[in-house]
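Hi there,

Here is the structure I promised to pass on to you.

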Amino acid sequence: MNRKLLQSIREYKRESILAPVFVVLEVLMEVLIPLQMAKIIDEGIQKQNLSYIIQMGVILVIMAMFALYFGVKAGSYAAKAAAGFAKNLRHDIFYRIQDFSFKNIDRFSTPSLVTRLTTDITNVQMAYMMSVRILSRAPIMALLSLIMIMTINMEIALLMLLLIPILGGALLLIAKKAHPHFVKVFDEYDVLNNSVQENVNAARVVKAYVREEHEIEKFHGISGVVYKLFTKAEKIVAWNSPVMQFTMYAVIMAMVLIGGKSIVYGTMEVGELTSVIVYAISILMSLMMVTFVFVMIMIAEASADRITEVLDEVPEMQDGENAIHEVPNGDIDFEQVEFSYGGKDSTPALQGINLHIKSGQTVGIIGGTGSSKTSLVSLIPRLYDVTGGTVKVGGIDVRQYSLESLRDQVSMVLQKNVLFTGSIYENIRWGDENATDEEVQRVCELAQADGFIREFPQGYNTMIVEGGNNVSGGQKQRLCIARALLKKPKVLILDDSTSAVDTKTDALIRKAFREEIPDTTKIIIAQRISSVEDADLIIVMDEGKINGMGTSKELLETNEIYREVYESQVKGGGQDE
Amino acid sequence: MNDNNKKPRVTKDTLKTAKRLLGYVMRDYKMKFIAVCCCILMSSIASISVSLSLKFLLDGYIVPLIGHQNPDFTELYGALSVLGTIFLLGVLATFCYTRLMVNIGQGVLKTIRDEMFEHMQTLPIRYFDQHTNGSIMSLYTNDTDTLRQMINQSIPQVLMSGLTIIVTFIAMMVLSPLLTLLAVVMILLMFVVTKKIGGNSGKYFVRQQMDLANVTGFVEEHMSGQRVIKIFNHESVAKEQFDELNEKLFHSAANANTYASIMGPVVGNIGNMLFVLTAVLGGFLSIIGVGGITLGVMASYLQFTKSFTQPFMQVAQQFNSIIMALAGAERIFGMMDEEPEVDEGYVTLVNAWKDKDGNIKECKERTGMWAWKHPHQDGTVTYTELKGDVRFFDMSFGYTDEKTVLHDLTLYAKPGQKLAFVGSTGAGKTTITNLINRFYDVQDGKIRYDGININKIKKADLRRSLGIVLQDTHLFTGTIMENIRYGKLDATDEEIYAAAKLAHADQFIRMLPNGYDTMLTGDGEELSQGQRQLLAIARAAVADPPVLILDEATSSIDTRTESIVQKGMDNLMKGRTVFVIAHRLSTIRNSDAIMVLDHGRIVERGSHDELIQQHGIYYQLYTGKLELD
């Protein structure tokens with residue numbers, strides 16, 4: 001397993017070391033106990049010495065107690081070490097993700113992060129537990145057994161010594177041969193799961209188009225491939241047992257032959273032959289276990305790689321030294337801004353943006369899908385870094401602020417809004433943990449949310465379910481606005497955040513903004529002309545460039561896009577929604 | 001918190017599940033499975049003969065030779081070759097059964113997976129609405145995985161161990177029934193201890209599973225809300241909450257695995273104690289000469305005692321995984337036992353043409369004209385032309401018996417008419433579309449399609465005649481071409497291009513580096529929501545159905561693009577009966593009739609102009625005085 005991951009063992013190093021120590025002690029007992037047993041048979045039973053049997057029996061019971069104690073200790077330390085390692089890994093990944101910039105987040109899909117935090121870590125945990133227990137047990141067991149055999153019969157010991165690398169090599173070869181097949185199997189597994197997921201999600205589409213048979217056929221194809229790959233991989237692994245058994249039986253036969261002759265020639269005791277066979281079998285078993293663990297580690301390797309991928313991802317944005325913590329005012333300046341999501345060489349999302357907004361102004365932004373409205377405002381709270389030019393807030397380059405202070409004072413309501421499990425109070429308090437109930441209620445009033453919240457039976461204590469699906473789209477948007485307002489920001493950005501709110505309420509929200517937070521710079525992205533019509537400045541975006549700028553009146557005269565949108569929505573006295 | 005203390009228990013249902021699982025094996029792999037059992041028997045005989053033969057060889061062929069000047073080993077060679085043959089057979093048997101088990105195990109898994117998926121396709125939409133995607137998914141992943149492990153590892157292991165136990169036990173009985181009595185007592189003790197530890201371990205495994213689910217849920221919510229977390233500088237709080245859940249998972253996982261891993265040493269050392277007791281008791285008995293216990297009997301009996309605990313340990317270790325796998329299998333079978341969607345329809349949709357007298361005739365080739373083929377009880381068949389006339393008569397419906405969602409709805413849509421539904425969330429708009437294509441069945445009243453009660457129409461044919469574009473666009477892994485072709489599997493490339501042009505999707509598709517061959521993965525993540533909706537519209541267009549249902553089909557397209565798409569949509573809607581549900585009233589203004597729904601009742605109906613004049617709810621909505629949620 002790679003070194004990077006092992007760094008996460010940290011405080012469970014003690015358990016990780018103690019577990020093998022106790023394993024070694026346990027193995028010691030396990031090797032000694034058969035000796036004791038042989039004594040009981042050879043000395044006690046054969047010679048009908050009952051007091052000797054009892055004497056040795058008591059010792060054996062004590063040894064068994066110790067073995068039990070060591071075994072339990074080894075097991076619990078190993079379990080704790082592995083569970084602790086897994087805990088730390090989850091901790092490290094989750095913390096790392098929290099430090100991700102938006103660019104980092106874009107690189108990983110949500111389900112893939114979830115899999116990494118769950119299934120992958122579980123795989124690593126199991127492999128680690130097995131490693132701690134068995135990788136210490138097997139070699140020691142093999143070594144001690146070998147020593148025991150040596151004390152009895154050198155010839156047989158040499159035979160074993162010769163056999164170990166051959167059998168070990170064979171087993172490893174099987175594991176190695178199987179490995180690439182398992183990797184393929186798990187890739188195909190992903191395809192299978194993906195196909196099921198799609199079908200479950202799109203059950204309505206499948207049924208509406210009567211494509212059940214088509215989907216079943218597709219699925220049979222994939223499950224057939226999984227079957228084939230899996231069978232192939234497992235058939236390779238299936239060589240393990242017969243190879244093992246063949247070796248074991250061959251060894252036994254050889255020993256009976258060699259040992260038998262030795263007995264006949266008087267160089268070996270009868271009881272010794274029995275012991276030698278027992279030790280030989282445990283050597284072979286140890287080898288078997290080692291290869292078993294190797295296979296597990298190989299499978300976990302893929303998971304480990306996926307985890308390291310997250311841990312290795314370097315958070316793009318870090319505060320510089322002497323970061324500024326106070327945003328002086330809500331001035332915003334874009335100077336020759338260029339921006340692209342993929343870095344300098346990819347297609348630009350924004351080109352040649354020059355823009356100056358005064359503190360306290362209300363700015364509207366409109367433009368079609370893909371015109372980079374969102375990209376433009378994302379640069380203000382530094383969700384992304386520009387690839388050229390500068391963005392300034394309060395006259396200072398955003399890169400000079402500490403991220404936390406900048407985002408505290410530049411509040412943005414995202415297009416894809418998310419509320420979290422918890423009460424309305426708790427959700428709004430995301431804006432300011434220490435806000436009083438009155439403060440929460442005030443921002444809700446501003447966002448025109450107070451009214452409907454009070455209509456809920458539990459009012460502000462109403463629980464929001466995951467994703468906020470128990471409030472309507474318009475209500476959700478207003479809660480998100482309230483949450484952003486609670487930060488008392490110098491700049492407030494609404495990215496299409498009132499699309500599900502009716503025009504009247506929308507107007508009331510804007511009125512509240514105007515009257516209650518006159519010093520805050522307000523930037524509103526909207527598809528609805530009425531949402532931006534009365535702004536101090538309207539920016540028309542088109543294909544990553546500013547197509548026009550001015551008041552509604554000016555733009556009606558000079559800007560074709562604006563006029564087109566305006567007429568499509570306002571003509572005939574009707575407004576949408 | 002009750003669930004916390006649930007122990008995995010062997011109940012009647014578990015046994016039933018096990019039996020059913022075995023049924024799969026017996027159904028498809030009867031001969032193979034019998035062969036496996038035989039091979040395992042042979043294999044365990046070989047492994048038992050190791051300890052049996054040793055005494056035999058020593059006493060019969062080796063010890064008698066001690067002291068001979070020129071020992072003759074021929075007899076020993078002979079005995080060894082017999083033993084070697086048994087061993088060889090054993091190895092061969094092992095080779096066969098491990099391979100056969102791979103085939104059986106993977107084959108059964110494939111069958112179960114396929115049957116599960118096939119059955120899932122027959123389930124009514126109700127099932128998908130009532131179960132979370134995650135819980136359905138976990139049937140295919142977690143539950144099938146544990147099943148795989150059980151079939152591959154546990155079953156052969158348990159069979160092998162079971163046979164070994166039986167054979168060893170018989171051998172012990174033969175040697176000394178008296179001492180075996182002692183062994184039985186110890187075995188019972190072993191059982192009690194294993195059950196105790198197994199129970200504890202099971203308890204913590206259940207708890208671990210729950211804690212893992214909690215962590216997963218938390219992670220899922222926070223990963224998808226990661227951007228919001230960043231904007232609100234909420235990282236530290238999220239970290240704190242995560243640590244708490246993580247700590248809990250650590251505890252249950254550590255405990256569960258501790259109990260699972262101490263099972264081995266505990267059972268093993270009980271075995272050691274058994275050895276001592278047997279030795280003492282046996283030694284005592286042999287000395288006083290009771291029970292016919294001789295030295296030789298004692299020696300080999302003790303050998304057996306040693307090898308006896310090994311299989312018990314193996315069974316004990318498999319216990320947890322078997323119980324967990326059976327619990328998973330129970331869930332899988334639970335889904336497979338869900339009632340499939342019933343379809344007692346007998347009216348089918350056929351290609352048709354009209355002869356000179358205007359009679360409708362059925363034909364095989366596509367004519368562009370469709371007819372409902374209606375067989376009657378007296379054996380006659382009538383044909384009705386597919387036109388797209390949809391009428392509701394006093395229709396009522398509720399998803400549950402307690403709550404009626406739609407009340408006495410009566411409405412009609414003549415062929416080619418455009419009908420719009422307006423109303424707040426929960427007013428029942430989407431429910432109406434659910435009923436037209438029979439995702440759900442009406443409880444009261446009826447729906448007639450071209451004069452035929454839709455309950456008489458085969459569901460597949462009914463749905464084929466309806467095109468539907470949903471608010472949540474779902475695309476499939478595959479190229480854009482394949483995704484549009486989903487609407488009509490035998491569509492030519494030209495038809496696809498035409499449909500894309502109609503939906504105004506052609507332009508953006510051609511801008512993509514690979515054009516129509518662009519691969520979509522993960523529900524079309526690479527595209528914007530608006531682009532995905534355009535593809536969904538193209539998909540419906542290529543299907544070319546007489547009736548079209550648009551459920552918020554353009555909600556994510558900006559108004560400017562929408563106004564362009566609208567032209568395509570108008571083309572698409574031409575000559576078809578259309579049901580439109582839209583948030584934006586501008587998109588439904590030119591409908592033939594607009595129904596305003598409130599709490600499952602139609603409160604206003606009429607054309608746009610009529611409704612504006614009425615100065616009712618629609619008017620208020622339209623002028624922005626009322627909020628639509």
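This is a predicted model: local features need pLDDT of at least 70, side-chain atom pairs count only at pLDDT 80 or more; totals for chains, interfaces and linings use all residues.

**Around β11 in chain A**

I started with strand β11 of chain A, which covers residues 537-542. Of its 6 residues, 5 are buried, so the strand is largely enclosed by the rest of the structure. It has two pairings that I can describe. With strand β3 (residues 362-366) of chain A, β11(A) pairs in the parallel sense over 4 bridges; here A:Ile365 has A:Ile539 as its bridge partner. With strand β12 (residues 545-550) of chain A, β11(A) runs antiparallel, and 5 bridges join the two. One of the pairs here is A:Asp542 with A:Lys545 in β12(A). The hairpin of β11(A) and β12(A) has 2 residues between the strands, and A:Glu543 takes a positive phi near 45° there.

**A helix pair in chain A**

Next come helix α2 (residues 13-45) and helix α10 (residues 270-312) of chain A, whose axes are 11 Å apart and which pack at an angle of about 155°. An angle over 145 degrees counts as roughly antiparallel, and α2(A) and α10(A) are therefore roughly antiparallel to each other. The crossing of α2(A) past α10(A) is right-handed. On the α2(A) side the contact is made by A:Pro34, A:Ala38, A:Ile41 and A:Asp42, and on the α10(A) side by A:Gly271, A:Ser275 and A:Val278. By type, the residues of this contact divide into 4 nonpolar, 2 polar and 1 charged.

**Around β15 in chain B**

Finally, over to chain B. Strand β7 (residues 418-422) and strand β15 (residues 593-598) of chain B pair in the parallel sense, with 4 bridges, and B:Phe421 stands opposite B:Met595 in β15(B). β15(B) also pairs with strand β16 (residues 601-606) of chain B, in the antiparallel sense and over 5 bridges. Within that pairing, B:Ile594 has B:Gly606 of β16(B) as its bridge partner.

Which residue in the turn between β15(B) and β16(B) has a positive phi? That is B:His599, at about 50°, in a hairpin with 2 residues between the strands.

Best wishes

Methods: Residues are numbered from 1 along each chain as its sequence is written. Chains are lettered from A and ligands numbered from 1 in the order in which they are written. A residue is buried if 20 or more other C-beta atoms lie within 10 Å of its own, exposed if 12 or fewer, and partly exposed in between; C-beta atoms are placed from the backbone. Two strands pair if DSSP finds at least two bridges between them. Axes are lines fitted to C-alpha atoms, for helices over the stretch in contact, and angles run from 0 to 180 degrees between N-to-C directions. Angles under 35 degrees count as roughly parallel, over 145 as roughly antiparallel, 65 to 115 as roughly perpendicular and the rest as oblique. A crossing is left-handed if the near helix is turned anticlockwise from the far one by less than a right angle, and right-handed if clockwise. Two residues are in contact if their C-beta atoms, placed from the backbone, lie within 7 Å. Ala, Val, Leu, Ile, Met, Phe, Trp, Tyr, Cys and Pro count as nonpolar, Asp, Glu, Lys and Arg as charged, and the others, Gly among them, as polar.
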